[in-house]
Amino acid sequence: MDTKQLAETARAMVAPGKGILAADESSGTIKKRFDTIDVESTEENRRAYRELLFTTAGIEDHISGVILFDETIRQSTADGTPFATALSEKGIIPGIKVDTGAKQLALAEKGETVTEGLDGLRERLAEYYELGARFAKWRATYVISDTLPSQLAFDVNAQALARYAALCQEADIVPIVEPEVLMQGDHTIDRSDDVTAAAHQALYDELFKHRIFLEGSLLKPNMVLPGYDCKQQVSDEEIAERTVRNFRWNVPAAVPGIVFLSGGQSDEQATARLNEMNKLGPHPWQLSFSYGRALQAPTLKAWKGDASNVGAAQAAFAHRARCNGAARSGSYTAEMEKAA
Ligand code: 13P
């Protein structure tokens, strides 16, 4: 394990003004996204869409890294340049999703999941390193209900995340650990706060036991939000305060960066809330983004699978990248949206 390289990569991924594009939708998820714009999910359409994203001019000013899916890291631009090479040439670090999905936890209550993908991971990581990946992602998910999640779910997922993180660091790949508390449901922000804290406590306990080099890792969490169907919605300022306080209690200062997922918030909400958090800084860690939907939704809509829309789709993507880049320093304003 090259701790110097790991720490440098992790720091570069949360460099000032920059964050991560999550473009690692699995075959099932990208089909769902394409269904919303009536585009068939063929290998060529997926390739063309990812090329549109990765070749957008100027995104390297705001995008430090891109998370790829297994199929995508093996694909190339139309002129034959492998995507990982095309990104690296722009100074963008290629990353790879390595978990194989959340599955029902055996003998547990329905809805309780454990994320799989550890078998053969050492060999897969060695191949991904050869293909250019310098960081990886593993996502655990927790559903909130009256009885879920259980301590067992936190424990088994934290252990899997720690085993994944150790294998990554052994291969000189920075692990992003993602314990996502899902915000579907009518739970309050208090409940979200408690569940998020418990998930992070279990996670950092296991990362410590597994000797993870925290300086060479990143955390990808949910923000502390009320459930989407909760009657008591709260202001962006309250979300920012609650989220930051939760993390000050539960995330070691040795972790260089916290890169939020968007998790179904609108693109503008995800940007505004990150902005509010950074206005409360300085913090012990960089607070940044690793958005999928919140970076891509307007791009998909503008593209619609039509090559003649590539310019407009790239403009939409560049705009969201710029807005989130500004949110890294608390300098995003609503006027930036109108100016676009
Ligand atoms: P969203 O930002 O769309 O939640 O996706 C981020 C991600 O990578 C989830 O694993």
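Student: What volume does the largest pocket have?

Tutor: The largest pocket has a volume of about 630 Å³. Its 27 lining residues include T29, R33, K137, R139 and R293, the closest to its centre. The general idea: rolling a probe the size of a water molecule over the atoms shows where empty space is left. Here a 1 Å grid is laid over the protein atoms alone; a pocket is an open set of points with protein on both sides within 12 Å along at least five of seven lines, a cavity is a set where a 1.4 Å probe fits but cannot get out, and lining residues have an atom within 4 Å of a point. Grid points are joined across faces, edges and corners, and the volume is the space filled by probe spheres set on the points.

Student: What kind of model is this, and how are residues numbered?

Tutor: This is a predicted model, in which local features need pLDDT of at least 70 and side-chain atom pairs count only at pLDDT 80 or more, while totals for chains, interfaces and linings use all residues. Residues are numbered from 1 along each chain as its sequence is written, and side-chain values use heavy atoms, with hydrogens and water left out.

Student: Which elements each supply at least two residues of the pocket lining?

Tutor: They are α2 (27-35), β6 (135-142), β7 (174-181) and β10 (286-291). Helices (H or I, at least four residues) and strands (E, at least two) are DSSP runs, numbered from the N terminus. The largest share, three residues, comes from α2.

Student: How does the pocket lining divide into nonpolar, polar and charged residues?

Tutor: Six are nonpolar, nine polar and 12 charged. Ala, Val, Leu, Ile, Met, Phe, Trp, Tyr, Cys and Pro count as nonpolar; Asp, Glu, Lys and Arg count as charged; the others, Gly among them, count as polar.

Student: How many salt bridges does a search of the whole structure find?

Tutor: Side chains of opposite charge can pair when their charged atoms come close. The cut-off: a side-chain nitrogen of Lys or Arg within 4 Å of a carboxyl oxygen of Asp or Glu. The search finds 25.

Student: Which parts does the pair K137 and E178 tie together?

Tutor: Start with the distance: the closest N and O atoms of this salt bridge are 3.5 Å apart. K137 lies in strand β6 and E178 in strand β7, so the pair ties together parts that are 41 residues apart in sequence. Both K137 and E178 are buried. Buried means under 20% relative accessible area, exposed over 50%, and partly exposed in between (1.4 Å probe, protein chains only). Salt bridges that share partners join K137 and E178 with D24, R139 and E180 into one network.

Student: Where do E44 and R47 lie?

Tutor: Both are in helix α3 (residues 43-54), three residues apart, about one turn of the helix. E44 is partly exposed at 43% relative accessible area, whereas R47 is buried at 14%.

Student: Are K97 and D99 buried or exposed?

Tutor: K97 is buried, with a relative accessible area of 14%. D99 is buried too, at 6%. The two form a salt bridge, with the closest N and O atoms 3.3 Å apart.

Student: Which residues line the largest cavity?

Tutor: The lining is E180, V181, M183, N222, M223, L225, Y228, L261, S262, G263 and Q265. The volume of this cavity is about 40 Å³. The whole structure has one cavity of 30 Å³ or more.

Student: With which residues is T243 in contact, leaving aside its neighbours within four places in sequence?

Tutor: T243 touches M223, V224, F260 and M277 (contact means heavy atoms within 4.5 Å). T243 lies in helix α9 (residues 236-250). T243 counts as buried because its relative accessibility is 0%.

Student: What should I look for in the backbone angles?

Tutor: Most residues other than glycine have a negative phi, and most peptide bonds are trans. A cis bond joins L148 and P149, with omega about -5 degrees. P149 is in the loop between β6 and α7 (151-170). The bond from G281 to P282 is also cis, with omega near 5 degrees. P282 is in the loop between α10 (267-279) and β10.

Student: What is the phi of D38, and what is that of K304?

Tutor: D38 has a positive phi, near 60 degrees. D38 sits in the loop between α2 and α3, and is exposed at 75% relative accessibility. K304 has a positive phi near 55 degrees. K304 is in the loop between α11 (293-303) and α12 (310-327), and is exposed at 52%.
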